[in-house]
Amino acid sequence: MLVLAAVLPDFRLQSASGDSATVIGITAAVGAGAFGLLSALVWPVLVRAFLLVPALVLGMLVFFLNGSLLWLALSLVPYGRGSTDATMAVVVAAAMSAASSATNAFLAVRDDGAYRRRLARIAGRRRRREGGGAPPTTPGTVFLQLDGLGHAVLREALEAPAGGKPLMPAVAALCGRTHRLTRWRTDWSSQTGASQLGILHGTNEDVPAFRWYEKESGEVVVSNRPTSAAELQRRAVERTGNQGLLAQDGASRGNLFTGGAWQVALVLSVAARRGKETRSRAGYFAYFSDPANATRTAVSFVAEVVRETVQSTRALLRRERPRVGRGGLYPLIRAFATVVERDVVVAAVLGDMLSCRTAVYADLVGYDEVAHHSGPRGRDTRQVLRRLDRSVALIAKVAERAPRPYRLVLLSDHGQSQGETFEEAYGLTLDELVRAGSGLQVPRSAGRTPSGSEARAAARAALHRPEDGGLEPPRKPGRNTGPVVLASGNLGLISFPDVLGRLTRERIDQLRPALLRTLAEHRGIGFVLVESEEHGPVVLGGGGAEHRLETGEIVGPGDPLEGLGPGAAGAVLRTARFPHAADIMVNSSVDPVTGAVHAFEEQVGSHGGLGGEQSHAFLLSPLELSPPVEPGAELVGAQAVHRVLRRWLAESAEPHGRTGLAPSGGDVPGAAEPLPAAHRG
């Protein structure tokens, strides 16, 4: 306060006639003390009073409320010596909050004993407030999802270059000492909606893609749309008969779905509802109730916007390819994902551990968001991985000092595959290709499917914005507007709303004779899935190639699924049997050497279909837990991952640890793998 009074023209701590240094010092001490006391007592009440304010608006409102508290504190100084105008009060309050935050962080980092005692005091206060006794002795579990981080990219980030250290040293330390790394393979729909629904609720049945059209209701379901997420969760609970992975004393942070947890923050499936039990934005208010948090996050937010602007300009000047537009609101969306959502989710997880929650599942979406626009191995995404590693290190450090023991499990929901967009590679969108193959007029500016983004949806929910707002296809497309063409990365879905029920191959050939041939013969299309009256689900490829999925019969010059892995046929057949599978489903072509794909939406790094690294996620689990699966097997499907996580929760609940290795079940095998050479031991 003394330094600010010396350098700011409209902020003073002395009377107009001047005062001695002692009086000025006393005035500063009284003013700072009053400000600190008001912040501790009044601030939480003010934040609770603004629960209906959109969360991002609250982040800005923090500064004005903080300035008001400083102005009030100065008015309490005797003799009226402290004074400032309204604008300067905001600046001074922000600077003081930042200084307080930096000092606390410095003390915590420099003195592990003080850090441990501070955590113990916070934990003790929370337990007393919640009426709890001694903390449990059985381990709790934190499941931390690094959204979109593929298995291969993670392994590269764990390798130490010659004479250097790994890109993610904290995760590398876990992998080398206490954890095992396992690769798992996603379903055909390799995206967060399908994977996280399967992981948290035990089923992703009838989730064919990130977005799809349902003929009976005439609506487009979008996984990250709050009302759609709520409906998908309701269907999953109805199908399985249980609430989910986190139903027993669990917490869900930053996810699409609750997993049955009562403690939720930033969860989209409850974002549209109001009430004590479903206040998903409560995490924002818990975080911003500390003015120092608000100051730190706001400064980091601005820095991230500047960073993205510089990086996108550099990519443009260097003519980097592949490339998509990074203007408009994207810098703000990126900053929200990599700063605001990360900070709030990490703070919520730390609070859960201090409160001794039994199971916590949290999703950090920053890498996935940046990789969509910069590629999974871009320079920008590497910087995001470094910051995610610091978040993992912080959570691991607090877990060591939490009131109860904790096991930290890292995992991802899918990977990403890089490549030019379909439009960039071939000069037309999938919608234009479908309309041309159907003999319909192609408009000069055919509508594009926007990039799917959990961060974008979370930001809109935080701002109380409408769900559609031009960012997604209309919820109810007209039945006479032609085919509905939707995209989920390099997976495309084509539905005909004017014909009820799923169209068969034979019926499509009658109505639009050239369409299937146009799609199957296009160089950018890898294969086409359609239902045949005679043969059931059939995969079509170029040159008349067919793969009849139910019998495994291959007709024509080759297998359209060749090169996509041994599980490709099973994954496609499973999706073909979904009630809401589209009339026609198409997967882009895949480069057999590089694994590059062509997204049907504006993404450099994409996921949602088959091809490349998008289908290979990871699971990094403590060695004291049983292996995910038997040696030599492969872990396949989000539902199998759910069963593994449930088994681990059961093991943690046992006083003596493991309950024994249970099979993954049926057609879902899985296996652990050797660690990178640098981290064996």
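User: How are helices and strands assigned and numbered here?

Analyst: Helices (H or I, at least four residues) and strands (E, at least two) are DSSP runs, numbered from the N terminus. By that count the protein chain has 22 helices and 22 strands. This is a predicted model, in which local features need pLDDT of at least 70 and side-chain atom pairs count only at pLDDT 80 or more, while totals for chains, interfaces and linings use all residues. Residues are numbered from 1 along each chain as its sequence is written, and side-chain values use heavy atoms, with hydrogens and water left out.

User: What share of the protein chain is buried?

Analyst: Buried means under 20% relative accessible area, exposed over 50%, and partly exposed in between (1.4 Å probe, protein chains only). Buried residues are 57% of the 681 in the protein chain. Contact means heavy atoms within 4.5 Å. Among contacts with a separation of 6 or more in the protein chain, 72% are between residues 24 or more positions apart.

User: How is the order of strands in a sheet read, and which strands stand at the edges?

Analyst: Two strands pair if DSSP finds at least two bridges between them. The order β12-β13-β18-β14-β15-β16-β17 describes an open sheet of seven strands with antiparallel pairing. The edges are β12 (484–488) and β17 (553–555); each has a single partner strand, so one side of each lacks a neighbour in the sheet. On average, neighbouring strands of this sheet are turned by 20° against each other, direction ignored. Inside the order, β14 (residues 525–532) and β18 (residues 584–588) run antiparallel and are joined by four bridges. There, V528 stands opposite V586 in β18.

User: Which helix packs on that sheet?

Analyst: Helix α17 (residues 430–437) does, touching β12, β13 (491–495), β14 and β18. The direction of α17 makes about 145° with that of β12.

User: How is a pair of packed helices described?

Analyst: The description uses the angle between their axes and the distance between the axes. Axes are lines fitted to C-alpha atoms, for helices over the stretch in contact, and angles run from 0 to 180 degrees between N-to-C directions. Angles under 35 degrees count as roughly parallel, over 145 as roughly antiparallel, 65 to 115 as roughly perpendicular and the rest as oblique. The axes of α13 (residues 330–354) and α15 (residues 379–401) come within 10 Å and cross at roughly 10°. These two helices are therefore roughly parallel to each other. Residues in their contact include R334 and R342 of α13 and D380 and R387 of α15.

User: At what angle do α8 and α15 cross?

Analyst: Helix α8 (residues 169–177) and α15 cross at roughly 55°, with axes that come within 7 Å. The pair is therefore oblique. P169, A170, V171 and L174 of α8 meet D389, V392 and A393 of α15.

User: What is a nonpolar core, and which residues touch the most other members of the largest one?

Analyst: A nonpolar core is a set of buried Ala, Val, Leu, Ile, Met, Phe, Trp, Tyr and Cys residues joined through side-chain atoms within 4.5 Å. The largest has 55 residues, and W188, Y361, V572, L619 and L645 touch the most other members. Helix α22 (residues 638–653) gives the most to this core, with seven residues. A second, separate core of 50 residues includes V171, Y330, V344 and F618.

User: Is E216 buried or exposed?

Analyst: E216 counts as exposed because its relative accessibility is 57%. This residue lies in the loop between β5 (211–214) and β6 (219–222). E216 and P497 are 281 residues apart in sequence and 9.3 Å apart in space, C-alpha to C-alpha.
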